Amino acid sequence: MGLLIKNIRCLVQTEENPVLKICGKEMSDLNTLSDAFLLMSNGKIEDFGRMDDLNAGTVSLPGSGYEEIDATGRLVFPSFCDPHTHLVFAGSREKEFTDKIRGLSYEEIAKRGGGILNSARLLRKTSEDELFEQSAVRVNEIISQGTGAVEIKSGYGLTTADEIKMLRVIRRIRETFDIEVRSTFLGAHAVPDEYRGKPGSNVGKYVGQYVEQYVEQYVDLVINEMIPLVASEQLADYIDVFCDRGFFTAEETERIVMAGLKYGLIPKLHANELDYSGGVQVGVKYGALSVDHLECTGDAEIEALLGSQTMPTLLPGSAFFLGLPDPPARKMIDSGLPVALASDYNPGSSPSGNMKLIMSLGCIRLKMLPEEVINAVTINAAYAMGLSETHGSIARGKVANVFITREMSSYEYMPYAFGSDLIETVILKGKVLV
Ligand code: NIG
Ligand code: FE
């Protein structure tokens, strides 16, 4: 059973000799093929090339029973890879959106017990089935927006049972949908209420209007109870810590990362969003697959990343939504680093998983070229979730995850037309879904 897409105006991100990631100056190169065909069978990319060759009969087609799509005037892209999301969450936080418009910062909202803790309270009251149903709506949404592989984090449970509940929901998403899923354990996303000395708490001590944090005890819980359990149920591929001012320090991050590595959990860290937290350096030291956010990145962070295998992953949706200064993407690329982009889909700092919009923000806010953003949301994003051998480009033998656009003039039109829905047909594992 196969699928043949014919008369493609432009087949984007083709690779004859696949690479795992693209760095520096090379990010502005993009391989494309005009007037092309793409042949898929058994869920994989079988072949691609020029229509002339197909018409001349030099391409071997599956004997019979394959479907044909005529893509005249349309472009075909490899599906987006989104290597950083928190799309399993309960409810939404639009009240905080209004607080932000009125002038409160993300950190002020968090200090008042809003933010991540607000989502944690709601998630704890939500059953596993209900959480799956709510999350499934978001998964269907991002599939229709062109995403074919996604990383999803825990981190709104913040008790052992609720973190496990979130990770089981992620596993169920992986088993239910055709989208490729990678799972990350983020027990250290915030210090939960019970460890902040709230009245009635049996861990912390309430000290008037101030809240004394018992971070060390919570870190111990993550290390001694959560990580071993998560690993024993094989619920996560990666481990994350929110290493930033007001959340977890570089030292705490280091302890947690070392504990995760003992169980084979590779780090992928939240780093340097709110301050120069040292998170980038910790990530590089422990061989993180990616360090993410990086709004606060200077020469020392760039120096640490150069020569490492760690992918800097930028989340322009959250910097845009929170009004934070943008990460220095241009400087990073010009220094020779690779860059990946992700949506950070979550209820507090980026309530959108739309990777096409992320491409536009990459161009408009981060001053990345269209070719650079396309590399950043495909092959480099695949790398940031350990998938670049099988996803992130049009290469023979890779998973047949692609989308067909509406009729349009060029690939630059994708990030340029930032508010238009340009994706017409979604194909995952060689099957037409939308
Ligand atoms: O990546 N920065 C930390 N975590 C999320 C926000 C989570 C939330 O506010 O709910 C982020 O932006
Ligand atoms: Fe995040």
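**Reading the model**

Guide: Begin with one contact at ligand 1: a nitrogen atom of this ligand lies 2.9 Å from an N or O atom in the side chain of Glu273. Keep in mind throughout that the model is predicted.

Visitor: Which residues come nearest to ligand 1?

Guide: There are 15 residues around ligand 1, and Arg93, Tyr106, Tyr156, His189 and Ser349 come nearest. His189 has a polar side-chain atom 2.8 Å from a nitrogen atom of the ligand. For His270, a polar side-chain atom lies 2.9 Å from an oxygen atom of ligand 1.

Visitor: Turning to the metal, what are the protein donors of the iron ion (ligand 2)?

Guide: In general, ideal angles at a metal are 109.5 degrees for four tetrahedral donors, and 90 or 180 degrees for six octahedral ones. Here the protein donors are His84 (NE2), His86 (NE2), His270 (NE2) and Asp344 (OD), at 2.1 to 2.3 Å from the iron ion. Water is not among the atoms, so the site may look incomplete.

Visitor: How are the donor residues spaced in sequence?

Guide: The spacing is H-x1-H-x183-H-x73-D. His86 sits in the loop between strand E6 (80-85) and helix H2 (94-101), while His270 belongs to strand E12 (residues 266-271), so the pair ties together parts that are 184 residues apart in sequence.

Visitor: Is His86 buried or exposed?

Guide: His86 is buried, its relative accessible area being 2%. His270 is buried at 3%, and Asp344 is buried at 1%.

Visitor: What is the backbone phi of Asp344?

Guide: Asp344 is not a glycine, yet has a positive phi of about 60°. Its place is the loop between strand E15 (340-341) and helix H13 (355-364). Asn7, also not a glycine, has a positive phi of about 55°. Asn7 lies in strand E1 (residues 2-12) and is partly exposed, at 26% relative accessibility.

Visitor: How is the protein chain divided into domains?

Guide: Domain 1 covers 2-79 + 392-432, and domain 2 covers 80-383. Their C-alpha centres are 31 Å apart. In the contact between them, 36 residues of domain 1 meet 37 residues of domain 2.

Visitor: Which residues touch the most other members of the largest nonpolar core?

Guide: In soluble globular proteins, nonpolar side chains tend to be buried together. The largest nonpolar core here has 108 residues, and Ile173, Leu341 and Met368 touch the most other members. Helix H7 (residues 215-232) gives the largest share, nine residues. Both domain 1 (2-79 + 392-432) and domain 2 (80-383) contribute residues, so this core lies between them. Another core, of 18 residues, lies apart from it and includes Leu33, Ala36, Ala71 and Val402.

Visitor: What does Ile173 touch?

Guide: Setting aside residues up to four places away in sequence, Ile173 touches Leu87, Val88, Phe132, Ser135, Val139, Ile152 and Val181.

Visitor: Where is Ile69 found?

Guide: Ile69 is in strand E4 (residues 66-70). Beyond its neighbours within four places in sequence, Ile69 contacts Leu3, Leu4, Ile5, Lys6, Ile404, Ile427 and Val432.

Definitions and conventions: Residues are numbered from 1 along each chain as its sequence is written. Chains are lettered from A and ligands numbered from 1 in the order in which they are written. This is a predicted model: local features need pLDDT of at least 70, side-chain atom pairs count only at pLDDT 80 or more; totals for chains, interfaces and linings use all residues. Side-chain values use heavy atoms; hydrogens and water are left out. A nonpolar core is a set of buried Ala, Val, Leu, Ile, Met, Phe, Trp, Tyr and Cys residues joined through side-chain atoms within 4.5 Å. Buried means under 20% relative accessible area, exposed over 50%, partly exposed in between (1.4 Å probe, protein chains only). Helices (H or I, at least four residues) and strands (E, at least two) are DSSP runs, numbered from the N terminus. Domain bounds come from an automatic or database domain assignment. Contact means heavy atoms within 4.5 Å. Donors are N, O and S atoms within 2.8 Å of the metal (3.2 Å for Na, K and Ca); water is not among the atoms, so sites may look incomplete. A residue is near a molecule or strand if one of its heavy atoms lies within 4 Å of it. A polar contact is a pair of N or O atoms within 3.5 Å; within protein, one must be able to donate a hydrogen and the other to accept it, and residues adjacent in sequence count only if both atoms are side-chain atoms.
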